[in-house]
Amino acid sequence: MILGEGPVGTQPVPSGPFVHRADLRPDSRGRAAHVAWTSVDAGSLALHILGTDDPSGRRAVERSRAAVEGAMGVARGSTFYLDQVHSADVVTADGIGWGGAEGPVADASVSPDGEQPLAVLVADCLPILLVDGLTGATAAAHAGRRGLLDGVLENTVDALEALRPAGARGTFGMKAWIGPGACGRCYEVPEEMRAEAAARIPELHSTTSWGTPALNLPAGAQAVLRSRGVAVERIDVCTLEDERVFSHRRDPGRGRFAGLVWTTGAGTDERG
Ligand SMILES: [Zn+2]
């Protein structure tokens with residue numbers, strides 16, 4: 001992937017399965033990385049908020065996941081989903097997508113060659129996608145308040161850096177996209193929680209538009225990533241203000257949308 005020349009297209013998508021999508025320029029071998037975030041039109045993609053005795057709900061989620069994979073141009077069932085628990089744990093995608101296994105317990109995943117599509121599910125927390133232009137590795141991280149404070153982003157960057165050859169350590173050529181989440185004007189928290197969070201990451205400190213203590217998760221995530229030398233692009237869509245995406249605070253239990261990173265082109269199974 002050639003990151004320096006910028007993505008081919010980063011325009012917001014008005015409707016359809018994605019609220020935003022960016023397609024990177026293909027590299028010399030014709031491989032191109034893509035990042036995207038699904039919309040409410042794509043349906044909820046989470047199995048965990050369904051009851052275990054809800055087979056029709058499960059089938060609906062599976063249909064929605066398959067339709068999104070059709071829009072991505074990847075094989076049905078190939079996307080690597082996680083069982084997210086607000087941890088700072090990172091796992092390596094094992095080649096088995098949701099069609100073959102329940103996701104492992106973790107909050108970030110890495111595909112060392114970028115070949116396996118990766119997903120994180122959110123509804124106010126941040127869906128952060130990363131591409132290492134040097135190695136072609138990709139990563140997806142679920143970063144809420146707890147994950148940010150516990151270092152999920154640092155751990156994800158470390159995992160990508162560890163895949164580089166010994167002579168090319170560092171993060172030059174690594175890029176992260178911070179997807180839709182609760183913004184600093186909306187994400188109200190108790191004063192004590194804001195103080196604790198800002199003591200660790202000062203950029204988290206915020207105030208709601210109505211004057212009460214808040215956290216600015218996108219600003220906090222950006223600060224962490226930039227401190228590690230990672231280039232950052234923010235998709236400034238607030239889940240609490242924009243009904244094109246799911247929000248747990250605005251509409252609890254209704255659904256989760258996904259942040260997705262995948263590769264198409266030479267050597268991959270592109271259908272679309
Ligand atoms: Zn907002």
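At 45% relative accessibility, Glu241 counts as partly exposed, a class that lies between buried (under 20% relative accessible area) and exposed (over 50%), with a 1.4 Å probe and protein chains only. Glu241 is one of the residues that coordinate the zinc ion, together with Cys183, Cys186 and Cys238. The model is predicted: local features need pLDDT of at least 70, side-chain atom pairs count only at pLDDT 80 or more, and totals for chains, interfaces and linings use all residues. Residues are numbered from 1 along each chain as its sequence is written, and side-chain values use heavy atoms, with hydrogens and water left out.

**Zinc site**

- The arrangement is tetrahedral because the 4 donor atoms subtend angles of 98 to 118° around the zinc ion; four donors count as tetrahedral if all angles lie between 85 and 135 degrees.
- For four tetrahedral donors, the ideal angle at a metal is 109.5 degrees.
- The donor residues follow the sequence spacing C-x2-C-x51-C-x2-E.
- Distant parts of the chain are linked by the pair Cys186 and Glu241, which are 55 residues apart: Cys186 lies in the loop between strand E8 (174-178) and helix H4 (191-200), and Glu241 in the loop between strand E11 (231-234) and strand E12 (257-264).
- Helices (H or I, at least four residues) and strands (E, at least two) are DSSP runs, numbered from the N terminus.
- Cys186 is buried, with a relative accessible area of 14%, whereas Glu241 is partly exposed at 45%.

**Arg194 in helix H4**

- Arg194 belongs to helix H4 and counts as buried at 10% relative accessibility.
- Beyond its neighbours within four places in sequence, Arg194 is in contact (heavy atoms within 4.5 Å) with Val189, His205, Ser206, Thr207, Pro213, Ala214 and Leu215.
- The side chain of Arg194 reaches the backbone oxygen of Ser206 at 2.7 Å.
- Between the C-alpha atoms of Arg194 and Pro213 the distance is 6.6 Å, with 19 residues separating the two in sequence.

- Strand E2 (residues 32-38) is largely enclosed by the rest of the structure, because 7 of its 7 residues are buried.
- Both faces of E2 are covered, with Ala32, His34, Ala36 and Thr38 buried on one side and Ala33, Val35 and Trp37 buried on the other.
- Strand E1 (residues 18-23) runs antiparallel to E2, joined by 5 bridges; two strands pair if DSSP finds at least two bridges between them.

**Helix H1**

- The 18 residues of H1 should span 26 Å at 1.5 Å a residue, and the end C-alpha atoms are 26 Å apart, which agrees; the expected span is 1.5 Å times one less than the number of residues.
- The buried residues of H1 are Gly57, Val61, Ser64, Arg65, Ala66, Val68, Glu69 and Met72, and they pack against E1, E2, E5 and E12.
- Just after H1, Gly73 takes a positive phi of about 80°.

**Strand E4 and its partners**

- Ala108 and Val110 point one way from strand E4 (residues 108-111), Ser109 and Ser111 point the other way, and all are buried.
- E4 pairs with E3 in the parallel sense over 3 bridges, where Val91 has Ser109 as its bridge partner.
- With strand E7 (residues 138-143), E4 pairs in the antiparallel sense over 4 bridges, and Val110 has Ala139 as its bridge partner.

**Positive phi in residues other than glycine**

- Most residues other than glycine have a negative phi.
- His86 has a positive phi near 60°; this residue lies in the loop between helix H1 (55-72) and strand E3 (90-92) and is partly exposed at 40% relative accessibility.
- Asp124 has a positive phi near 115°; this residue lies in the loop between strand E5 (118-122) and strand E6 (126-132) and is buried, with a relative accessible area of 7%.

Note on methods
Donors are N, O and S atoms within 2.8 Å of the metal (3.2 Å for Na, K and Ca); water is not among the atoms, so sites may look incomplete. Four donors count as tetrahedral if all angles lie between 85 and 135 degrees; four count as square planar and six as octahedral if opposite donors are over 155 degrees apart and all others between 65 and 115; anything else is irregular. A polar contact is a pair of N or O atoms within 3.5 Å; within protein, one must be able to donate a hydrogen and the other to accept it, and residues adjacent in sequence count only if both atoms are side-chain atoms.
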